[in-house]
Amino acid sequence: MAEPLIPILMAARSRWMIGGDGVAHEHPLVAGLSSAEADLRLLAVAGQYQRFAQPPQPPVLNLRQDLPVLSLPFLPDAMRPLARRLLQDKADRAPLWLAIFAAKRGHVLHPADWMPPPNADLPEVYRPLQAWAAGQTGPAAQLSSETWLGLTKTERLAQFSALRQADPAAALALLTEHLAPCPAEERLVLVELLATGLTADDTAFLQGLGADRSEKVRKAAAHLLARLGQSDAHPLAAEAAAMFEVATEGLIRRRKVLRLIAKAKDGQIRSLVQNLPEISLPSLAEALGLGPAEFVELWQPDKVPQPVQYALSSMIARTAMGPEVAAYWQKLMAEPETARVSLPQIFPRLTSDDQETACLWLVAQSGLAACSDILSLMGAAVPAPVSAALTAQRKALVDLVKLSQVTAPEKAANARADRDRLANVLSTLGLLLTASDAALVLQSVTGAGVHPADPMLDRLSFNAALKGT
Amino acid sequence: MAALRQETIEAAAPDQASLAAAVKLLKPSLWSNLGESSDGRLVWGDCQGSGANPYRLAVDLVDIGSKCTCPSRKFPCKHALALMLMQSQGQAFPGADVPPWVVEWMGRRKGGAIAAAPADGKPSLAAVVEEPKAELDPKAEARREAQRAKREAETGAAIRAGLADLEGWISDQLRSGLSGLLANLPARCRQVAARMVDARMGALAARIDELPARIQALPAARRVDALIAELGNLVLMSRAWGDGSAPDPGLRRQIATTEARDALLADPSALRVTALWSVCATREVTRRDGLVAQSTWLANRSEGPAFALLQDFFPASAGRRSAAFVEGEVFGAELVFYPSGYPLRAQIVHRCDAGSLAMPPAPQDPLEAYAAALGREPWVTEVPLMLPEGRLAEAEDGAIWWQGSARALPVLAADVPAVALGLPLLRAAMIWDGHLGQMLEAETPLGRIGFHG
């Protein structure tokens, strides 16, 4: 009986690994051949045997859970190529903006085109997909006293934020029970989340945080208490108050005003700018013998060094009650430069109506240059009146198109800069406007000579095509 | 947009030869996917040139700017000039949405293209005349034939010597131990590949040069067997070549050179298949020898070979080319396959209407097709497989496997997007080399997924 081939191949494999001369075999394939020739034949057969008869054997394999079903439909198939092209732009959170915009129009990006990063700040609809991408198995448990410790930190904070919006009292009760053992960093975030739905019911809990181990937590609690009108009588308040004076102005109609003291030295100004972030509006007003609302009413924002105004705006945004913030913003608008600098701090504290008015004011002040500010303040897909105000700037847009098309060699650098600016504005408008306004802008710029297939129109085209559900 | 004037095209042409070459491209059978933007400013189309993948080109009729994927260094190239000529002669261009690759080109453009001034004389369409066919000179023909036979004989001798050298080298590696070869694989392969180039075996040299990259992509435990398999293949190829008197055409292509497109089209024995083809994947890989391999994998929705591969090579120094096809697109065409026991590589003869067909069912055991391919051409490196319903799964070591009901195969993890791990794959296409698979595409409940790494 002929010598079986497989053991010969196995033995040869072992020998080839370390080297050495061949061994004679009786198998017909190699019998009587020189050792070199026999090895070459065995090698050829071993290769085929290994490739065909010995495919790799799988180890223990783990299957991921199925992708979760999201609560919004995917983008229509016809729009996915355009979405994929837009997603190639990785700059400035571009994919996140596109995802946020699509969600506001009632769609989600297809996960084959884009998988949301696990920790990205995205609309709620993406949360199951983010959890899946983070490797979580199954839907997260509902936040409760029993599940508090079982949830991941990201999931716990996300659910707590949602609970605070839906049921502030239940959120407060959970926090009262579970805040103390949390690490300082998480405590701070949780306390800051109480800003949503803040009422007098939170006072006792916040006052209790005056003894928290973390200074940052104590400060956050004090700022929230200030929003409820409570002064913490901060020791720096008196020093800051010394930099202000209540005076009377006007020859005929004498009126009280609050302003910085005359002849304030640079060192005093620097000290004030350092102190204002530490104190609250109620405590500063109290040190001046005023109420918070009175402070805002008497304050004169003109001729104030910008760093002081910026620090004051920050203090008011953090520690004033809602009506005081609104009154402060009304006063600031008379000083456009100061208002524009302070708006990012003030904006989150304004009501939605006041936010919309503020955006309209920005457009009136800055025209198309307001686009990027509005996007960062209000996010994608702005309300129709803001969209209409931006769309009304089409003449400026057409002028910019013409500037970008200048071909004179001596003006080439300017034309390139104008084209970059045009591309930036069009791209931002694509995230802001309503679908019908986007179509109007497209019509204007293509009428002015921009080719409809120019990639700088991609976001506007995407916007105009995604009518929403 | 009004038709271009001939004078405009003449002024844009870089030389008379380009214009003459463009006129020869005005055959409708060479063109497909013609289109025109809604404002009439842009026209585009695919032109079947000398490569396996058609050239993709677009022309901006306003400033006579053009973009073509052909390797020509002339601007505009003959294909762009031909497209302009077609537009000027009233060729109908169907109105269509501007395709993404044209949009990308528009985005990269800095402005109007300026036509290059012709180097000598002004090109003229009137001067384009049919080249007179040269009279055959029997003596000159006989001399050429004798020279060709001499060259072939020299090449045959060089290849025989080179293959003997290769077998000797392999014997040396077995005697000195494969563990040593594995530890120094790139350098040793480069050395022997250079010797194969000297022996006029360019294709085999490239295969050996790419061997280290293929082996090192595998987990360490599987590298020895993969190396044995590939060295065994080289021995098989050498023995199959024999004295080189009647080499198998597929083997000749693997060792030395590939037939020219014209020769393939003129070969009456070459397999021709008219079918509906879907584009599984396009890949562009820069090889160690400085050539870029541009590959388009097609799946057959009709009768005949299950897959076809359109493959072109061009120097990396020529810059990147955009892909000639959109992945997922389906088109009807007659393909001619390079003669081989296992027909795979092909050229498009012409596009045609081949109706609309669903993909045929995939075999339950995907390795049946692999075994069949090895049976016909044992040294084949990569075999495309159609995978039945299955799923991608993860091993503890992070490796990813395709898992079907009958078999599981390891796949290149870098190619797999996260989304593919969370869906059943109703059907998938993969390139299998006996050790590791490269996923090409998959049909899922959420639609087609491409695997791009």
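Predicted model: local features only at pLDDT ≥ 70, side-chain atom pairs only at ≥ 80, totals over all residues.

Colleague: Which residues of α2(B) are buried?

Modeller: In helix α2, residues 16-23 of chain B, they are S18(B), L19(B) and A22(B). Looking down the axis of α2(B), you find these buried residues within an arc of 100°, so they line one face of the helix.

Colleague: Now to sheets. What is the order of the four strands in the open sheet of chain B?

Modeller: The idea to start from is that side chains in a regular strand alternate between the two faces of the sheet. Here the order is β1-β2-β3-β4 in chain B, with antiparallel pairing. At the edges are β1 (31-36) and β4 (65-68) of chain B, each of which pairs on one side only. From one strand to the next, the twist averages 10°.

Colleague: Which helix packs on that sheet?

Modeller: Helix α3 of chain B, residues 78-88, does, and it touches β2, β3 and β4 of chain B. The direction of α3(B) makes about 55° with that of β3(B).

Colleague: How many bridges join β2(B) to β3(B)?

Modeller: Six bridges join β2 (residues 42-47) and β3 (residues 55-60) of chain B, and these strands run antiparallel. For one specific pair, look at C47(B), whose bridge partner in β3(B) is Y55(B).

Colleague: And how many bridges do β1(B) and β2(B) pair over?

Modeller: That antiparallel pairing has four bridges, and G35(B) stands opposite W44(B) of β2(B). β1(B) and β2(B) also form a hairpin, with five residues between them. In its turn, G40(B) has a positive phi of about 75°.

Colleague: Where can I see a hairpin in chain A?

Modeller: Look at β2(A) and β3(A), which have five residues between the strands; G250(A) there takes a positive phi near 95°. Strands β2 (residues 244-249) and β3 (residues 255-260) of chain A are antiparallel and pair over six bridges. V246(A) is opposite L258(A) of β3(A).

Colleague: Is K263(A) buried or exposed?

Modeller: K263(A) is exposed, because 6 other C-beta atoms lie within 10 Å.

Colleague: I also look out for prolines. Which peptide bond is cis, with omega near -10°?

Modeller: That is the bond from F75(B) to P76(B). You will find P76(B) in the loop between β4 and α3 of chain B.

Colleague: How should I describe two helices packed together?

Modeller: Two packed helices are described by the angle between their axes and the distance between the axes. For a case in chain A, take α3 (residues 80-87) and α24 (residues 458-465), whose axes come within 10 Å and cross at roughly 145°. The crossing is left-handed. From α3(A), L82(A), A83(A), R85(A) and L86(A) make the contact, and from α24(A), D458(A), R459(A), S461(A) and F462(A). By class, the residues of this contact are four nonpolar, one polar and three charged.

Colleague: Finally, how many residues of chain B are in contact with chain A?

Modeller: There are 56 of them, in contact with 44 residues of chain A. Helix α9 (residues 220-241) of chain B supplies the largest share of chain B's side, 10 residues. That side of chain B has 31 nonpolar, 15 polar and 10 charged residues. Strands take part too: two bridges join β1 (residues 61-62) of chain A to β11 (residues 390-395) of chain B, and the two run antiparallel. There, L61(A) has A395(B) as its bridge partner.

How values were computed. Residues numbered from 1 in each chain as written. Chains lettered and ligands numbered in written order. Contact = placed C-beta atoms within 7 Å. Nonpolar A, V, L, I, M, F, W, Y, C, P; charged D, E, K, R; others polar. Pairing = 2+ DSSP bridges. Axes fitted to C-alpha atoms, helices over the stretch in contact; angles between N-to-C directions. Left-handed = near helix turned anticlockwise from the far one by under 90°. Buried ≥ 20, exposed ≤ 12 C-beta atoms within 10 Å, placed from the backbone. Arc of directions from axis to C-beta.
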